[in-house]
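Please open the model in your viewer and keep the selection panel at hand. The stops below are meant to be taken in order.

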Amino acid sequence: MIKQGFPDIKVISSHDNAREAMQNIIEHNPDLVFVDIDMPLISGAELLRQVPKINFDVIFTANDDDSKLKNLELNLANLLLKPYSKVPLLLAIEKFKQSREGFGNSGNSALRLLLKKIIGSPHRKIAIPVKNSMVFLETADILYLESDRNYTKIYMKDGRVITATKTLGHFEKLLASNEFSRVHASFLVNSHEISEFRKVDSGELVISNGKVIKVSRNKKGNLNFLS
C-alpha cells in the first residue's frame with residue numbers, strides 16, 4: 001500500500017520481532033517507523049523506549065479493541081487500526097511528509113511521554129544485549145545489577161546471573177524510575193526486592209535473596225524511603 005501510494009518512499013525493512021527491529025532502526029536511521037503496539041517478547045512501545053535516540057517519526061498500529069489504546073492521545077497522525085485501510089494510511093503518511101517539509105521531526109520528549117502512557121505498568125520487559133544475542137527480561141524478575149567494568153551482571157529471582165555487554169550507567173538510564181535505585185557506584189537495585197535497611201555506616205541493604213549491599217554515602221539520597 002505504501003509503494004502504491006507513495007513510490008518516493010523507500011521501505012527499508014519489516015520485522016515481526018523487536019530484537020531485529022531495534023538493530024535495523026539503529027543501523028539504518030530511518031525517517032519513519034511503523035510500530036505495532038503488540039509485538040512478541042516486548043511491546044512496540046517498550047521497543048521504542050529502548051532505542052538510544054529517537055530522531056524519526058512514529059506511526060503506531062494496533063487492534064481497535066486493544067485496551068492499551070483507551071484514554072491515549074492518539075489520532076490519525078500517529079495511529080493506524082487493523083485491519084489496515086488505504087485512506088487512513090495515506091492520511092498518516094501525508095501528515096508525516098508535511099511535518100518533515102515544515103517543522104521537521106517533532107518526536108522525542110512528546111513521544112517518550114506517550115510511550116510511558118502506553119506501557120503504564122512498571123513491570124515491563126527490557127532488551128539485554130549479551131554476547132552474540134539479546135535476551136528479554138521482565139524488570140520485576142530482576143533483583144539487582146552489579147557493575148563489572150564495561151559489563152553488567154544482572155541477578156535474577158530464579159538464580160540466573162546474566163552478563164550484559166553494557167555498563168551499569170546504561171541500565172541506570174534505562175531503568176530510571178522509583179522501581180530501581182543506584183545505591184552504590186557498583187550496584188543498581190530493584191526497590192521492590194529490598195527486605196531490610198540496616199543503619200550501619202552509611203547504610204546496608206538486604207535484598208530478598210539474602211545479598212547484603214552497602215549504600216554509598218553520596219547515593220543514600222536515591223533511597224526514597226529515607227527521604
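What follows is a short tour of a sheet, a pocket and one histidine.

This is a predicted model, in which local features need pLDDT of at least 70 and side-chain atom pairs count only at pLDDT 80 or more, while totals for chains, interfaces and linings use all residues. Residues are numbered from 1 along each chain as its sequence is written, and side-chain values use heavy atoms, with hydrogens and water left out.

Begin with the open sheet, where five strands follow the order β8-β7-β6-β10-β9 with antiparallel pairing; strands (E, at least two residues) and helices (H or I, at least four) are DSSP runs numbered from the N terminus, and two strands pair if DSSP finds at least two bridges between them. From one strand to the next the twist averages 20°, with axes taken as lines fitted to C-alpha atoms and angles running from 0 to 180 degrees between N-to-C directions.

Next, select strand β6 (residues 142-148) and strand β7 (residues 151-156), which run antiparallel and are joined by six bridges; S147 has T152 in β7 as its bridge partner. Two residues lie between the strands of this hairpin, and R149 takes a positive phi near 60° there.

Which residue of β10 stands opposite L145? Select L188, which faces L145 and also stands opposite R182. The pairing of β6 with β10 is antiparallel over three bridges, whereas four bridges join β9 to β10 (residues 187-190), also in the antiparallel sense.

Now turn to the largest pocket, whose volume is about 1,100 Å³. A pocket here is an open set of points, on a 1 Å grid over the protein atoms alone, where a 1.4 Å probe fits, with protein on both sides within 12 Å along at least five of seven lines, and lining residues have an atom within 4 Å of a point. Of its 35 lining residues, V11, S13, L32, V33 and F34 lie nearest the centre. At least two lining residues come from each of α1 (2-5), α2, β1 (32-36) and α4 (86-101).

Finish at H28 in helix α2 (residues 18-28). H28 is partly exposed, with a relative accessible area of 35%, a class that lies between buried (under 20%) and exposed (over 50%) for a 1.4 Å probe and protein chains only.

Notes
Grid points are joined across faces, edges and corners, and a volume is the space filled by probe spheres set on the points.
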